[in-house]
Amino acid sequence: FVQEADELLQHTEQCLLALHRKPPESADLITAALRNVHSFKGNCGFIGLVELAALSHRAETVLQAFKEGRTAEPAQLNTLLKVVDVLRSGVAAFSRNAAAPAAECAAAQKSLDDCLLEPSVAKSAVSSQVASATGEGRPVSSGQILRSDIRVDLSKLDALGDLVGELVLAEEMVA
């Protein structure tokens, strides 16, 4: 769960950052981010992480509004990026067998609700909601996710298998 959640959140973050640089008509980026958040939400629900599932559901609602034609304002994209940070810290807490940061999740949910309001209203409320839950001016910490996996290129594994085979043959020849 932790590995997949980390990958989904990383890809979502990349999509949101790309939306900052591209025109709001980038439906493929919104669709990709929506798909990732939807998968994350399902995984959280399966594991039983209620706070993270609820927060990702709200993020999914905002992304769905963008997909249906609402313009993604930079302040709203920043809010979604902060929500990704809160989700990432929740996954980090889960990887350490700790509780999800409930205050940060509640504040992030409120800021996502503000994203669905008119953009002028949302701009003033967005930054204050997340900042109030995480402390005065302190940024949301993404946390350190504990992972016990590695990635190795398949060609390297094949080469290693060939070398082991040659080593076994050489050992038999010596014996």
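**Before selecting**

The model is predicted: local features need pLDDT of at least 70 and side-chain atom pairs count only at pLDDT 80 or more, while totals for chains, interfaces and linings use all residues. Residues are numbered from 1 along each chain as its sequence is written, and side-chain values use heavy atoms, with hydrogens and water left out.

**Stop 1: the whole chain**

Select the protein chain and colour by secondary structure. The protein chain has seven helices and zero strands, in the pattern α-α-α-α-α-α-α along the sequence. Helices (H or I, at least four residues) and strands (E, at least two) are DSSP runs, numbered from the N terminus.

Now show the surface. The protein chain exposes about 9,900 Å², and carbon and sulfur atoms supply 56% of it. Accessible areas come from the Shrake-Rupley method with a 1.4 Å probe; for residues, only the protein chains shown count as cover. Of the 175 residues, 38% count as buried. Buried means under 20% relative accessible area, exposed means over 50%, and partly exposed lies in between (1.4 Å probe, protein chains only).

Among contacts between residues at least 6 apart in sequence, 72% join residues at least 24 apart. A contact means heavy atoms within 4.5 Å.

**Stop 2: T12 in helix α1**

Select residues 2-21, which make up helix α1, and find T12 there. Is T12 buried or exposed? T12 is buried, because its relative accessible area is 2%. Leaving out residues up to four places away in sequence, T12 touches A33, N36, V37 and V84.

**Stop 3**

The structure holds three salt bridges. A salt bridge is a side-chain nitrogen of Lys or Arg within 4 Å of a carboxyl oxygen of Asp or Glu.

Select E13 and R88, whose side chains form one of these salt bridges, at 3.4 Å from N to O. E13 is in helix α1 and R88 in helix α4 (residues 74-95), so the pair links distant parts of the chain, 75 residues apart. E13 is partly exposed, since its relative accessible area is 22%. R88 counts as buried, at 11% relative accessibility.

R88 and D85 are three residues apart in helix α4, so about one helical turn separates them. Both R88 and D85 are buried. Salt bridges that share partners join E13, D85 and R88 into one network.

**Stop 3: K41 and E60**

Which residue forms a salt bridge with K41? The partner is E60, and the closest N and O atoms of the pair are 2.7 Å apart. E60 lies in helix α3 (residues 50-67) and K41 in helix α2 (residues 27-47), so the pair ties together parts that are 19 residues apart in sequence. E60 counts as buried, because its relative accessibility is 12%.

**Stop 4**

Select A106, which lies in helix α5 (residues 102-115). A106 counts as partly exposed, at 45% relative accessibility.

**Stop 5: two surface patches**

Patches are made of residues with over 30% relative accessible area and no salt bridge: like charges are joined within 9 Å, nonpolar side chains (Val, Leu, Ile, Met, Phe, Trp, Tyr) within 5 Å. Lys and Arg count as positive and Asp and Glu as negative; His and the chain ends are not counted. The place of a charge is taken as NZ of Lys, CZ of Arg, CG of Asp or CD of Glu.

Select D153, D158, D162 and E166, which gather in a patch of negative charge on the surface. D162 is found in helix α7 (residues 154-174), and D162 counts as exposed at 51% relative accessibility.

Next, select I150, V152, L154, L157, L160, V164 and V168. These residues form a nonpolar patch on the surface, with about 670 Å² of accessible area together. V164 has its place in helix α7 and counts as partly exposed, at 43% relative accessibility.
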